[in-house]
Amino acid sequence: MKNFGVIKGLLKKSILLSVVSLQLVGCQTFKDKVVYAPAGDVMQNLAKEHTVPYMLGTEDLAVSCAMSEALSPLLMAFGRVTSNPDQLGVMMGLSAGACEEQRAWDNELRYLRAMRDLRPDEAEDALITQKRHLVNAAKRQFSAYNHLVNYYGEPGGECPDLDDEFDQFIWMAGMLSGLQALNNEIQSTTGIGVPKNIASKVERGTSCIDDDLWWGVPMAMKAAVWAMLPGALPQGENAWERLETAQAKGEDARVRLPNVMYAMAAFTNGKDELVKDIIRRHADQVKKHPANPEYALIDTTATLQLQALSDRLWTENTGHRTPVGGLGTFWDDKKESNVEVMELDDLL
Amino acid sequence: MKLLKNIKALSVAAAVSASAVSGVAQADMMKRSFCVWDPVGANGPLFNVMKSAKPSAMKWGIDLELKAYTDEKIAAEDFKAGQCDSVLLTGTRAREFNKFTGSLEAMGGIPGNEEMKMILQTLTQPKAAKLMKSGEYEVAGILPAGAIYLYIRDRNIDTVEELQGKKVATLDYDQASMTMVRHVGASVVGASTANFAGKFNNGSVDVAYAPAVAYTPLELYKGLGENGGIFDFSLAQMNFQIIARIDRFPEGYGQKVRDYTATRYEEAYKLVADAEAEIKKEYWMRPSQENLEGYSKMLQEVRIALRDEGVYDAKALRLMRKVRCKKNPTNSECAEKRE
């Protein structure tokens, strides 16, 4: 009976303690831990195991971009109640950044048309609008890069454990975001705080993943940095040869993303004829060999990025973008026809 | 019906006058090339800033065609050969086209941003136009790029005397830098803007000099490591200059571009301030006041020697001395007036 009294006393105390602590922690914490956190875990796993692979297998970049813009706040908010969804944050930032890049491109073309038509006010307005979109793109891509850093640590030092293919894919996507953020910040001529050493860090970080497994993209990123950052090229290396090898790897895998890095490096270095050749070859390959179905979205992204470059060249020279079905052709191509021509002299 | 006729007549008149205006604009528009040195190329920061100037130039009747150069030497050569109507170069490279503006990067000539701003503002005035012209060239704008600092791999070297025998990555096309390095008894290791950072980071030189904007992108902190430091003393104020061939542009173009450039100063200074903020605080080495005065004196001697050799322009040195004395009138040089 004495024991019973002790137990009763303890029970009383613990009930009192529970009531007090419940009041202290409040109802919100209960909801966070019991309701939202598991839901968040489910959402994160669903996104990781199904949504991302599903989207990668589709071809509609506009849908993926709209999804990222719309769902980012919902998915990222789960970071308040459960582990931070950093890996998803990388994908969301990269993809949502692409939406803003697309808008920036349209304004670049508007700028070019206005300059051709001698309308400087319109051109200036287009440039300002373009820069606003580039700033947004850079911010989104930089946030993607920061999610990468949160989850795996800063690229450029020791390689993190990239156990499975998903980790490696996110590592590559995060570094790509970093490079894009830096590039877009520079294009916008507005400082938003993207560290200027991302390029050097990414150059080293690409060595953490297998080049053959990832369609030559790691080497293409590395070599693009060599071609674009002064003094980055190691002795005995040739950035252009490496980019060509990466191009071939992308073609073999039918995920032709290395072509984008190759074309960007060529464009930055003023090699316009090489840019045209890369676009021609890409368009030809895409016609002949359909994309790897697992990564169709990435192959489409590469095509759209090259189309943007092609549009820039077309608009500068003709006033309009690449004609429908005309990717891989250029305004100054010599038209050759194999069809025989009839003699007209006796009809004239 | 009458109203309809009037509207028709009006719209025809509007269409005719619009086409006439655009016809005139088309005929008046001059197509001119602008070769821009940017170490990154067509996607680089300088190229993009210059691209923003194209609509303004168009309003003045110039359709500027921009071409990116990653090699500054080739940009200067192409400009000299007449392949570019205008060019963007560093102040030091610009010296061969205008000795006056090319001397604004003179060592120790401009101690800080405030003095630099005063000089830029002074030179934007229309009456300064005469100084901007030299032979067939005109400097159509100067953009500030911040102070040049000394980066040292071993922070124990904290006085100029200790630089003796040390290897310094030196821009070998710049006679002033070569003279300076030899003056302090250090040894010259020829370098370019593309390779000096690599030499510093891998230890093949002990010392390098660069503006703060180079610190993060070229990872100069790697060469500084645990033991290095940055001397908190402005060796010179780096700048970029737009140079135009006078006969290729209409009268007044230079002044218009200089006025436009002046609207971009704050933007340029923000870039410099952001870059300086990225430097780790522990790297800064603060020389004593006494040492600072000594260095200023030493640089003054070198400047005067280089002026007498014909490297630096006397008028530019005088303007810089006046600006320094405006800020610190009690400096002994203000009474001596040797520059």
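Me: Which residues line the second largest cavity?
Reply: In this predicted model, side-chain atom pairs count only at pLDDT 80 or more and local features need pLDDT of at least 70, while totals for chains, interfaces and linings use all residues, and side-chain values use heavy atoms, without hydrogens and water. Residues are numbered from 1 along each chain as its sequence is written, with chains lettered from A and ligands numbered from 1 in the order in which they are written. A cavity is a set of points on a 1 Å grid over the protein atoms alone where a 1.4 Å probe fits but cannot get out, and lining residues have an atom within 4 Å of a point. The second largest cavity is lined by Asn48(B), Lys51(B) and Ser52(B) together with Glu108(A), Leu127(A), Gln130(A), Lys131(A), Leu134(A), Gln187(A) and Arg312(A).

Me: Which element gives the largest share of the lining of the second largest cavity?
Reply: Helices (H or I, at least four residues) and strands (E, at least two) are DSSP runs, numbered from the N terminus. At least two lining residues each come from helix 4 (120-152) of chain A and helix 2 of chain B. The largest share, four residues, is that of helix 4 of chain A.

Me: How much space lies in the largest cavity?
Reply: The whole structure holds four cavities of 30 Å³ or more. A volume is the space filled by probe spheres set on the grid points, which are joined across faces, edges and corners. For the largest cavity, this space is about 150 Å³.

Me: Which element supplies the largest share of the lining of the largest cavity?
Reply: Of the 18 lining residues, Phe34(B), Ala53(B), Ile242(B), Val257(B) and Tyr260(B) are the closest to the centre of the largest cavity. By class, the lining has 14 nonpolar (Ala, Val, Leu, Ile, Met, Phe, Trp, Tyr, Cys and Pro), one charged (Asp, Glu, Lys and Arg) and three polar residues (the others, Gly among them). The largest share, four residues, comes from helix 12 of chain B.

Me: How many charged residues are in the lining of the second largest pocket?
Reply: A pocket is an open set of grid points with protein on both sides within 12 Å along at least five of seven lines. The second largest pocket is lined by 42 residues, and Asp272(A), Glu316(A), Phe47(B), Glu65(B) and Leu66(B) lie nearest its centre. Strand 2 of chain B gives the largest share of this lining, seven residues. By class, the lining comprises 16 nonpolar and twelve polar residues, while the charged residues number 14.

Me: How are helix 7 of chain A and helix 9 of chain A oriented to each other, parallel or antiparallel?
Reply: Axes are lines fitted to C-alpha atoms, for helices over the stretch in contact, and angles run from 0 to 180 degrees between N-to-C directions. The axes of helix 7 (residues 217-228) and helix 9 of chain A come within 9 Å and cross at roughly 5 degrees. Angles under 35 degrees count as roughly parallel and those over 145 as roughly antiparallel, with 65 to 115 as roughly perpendicular and the rest as oblique. Helix 7 of chain A and helix 9 of chain A are therefore roughly parallel.

Me: How much area do chain A and chain B bury between them?
Reply: The contact (heavy atoms within 4.5 Å) takes 30 residues from chain A and 29 residues from chain B. Buried area is the accessible area (1.4 Å probe) that two parts lose on being put together, summed over both. Of the area buried between chain A and chain B, 56% is on carbon and sulfur atoms, and the total is about 2600 Å².
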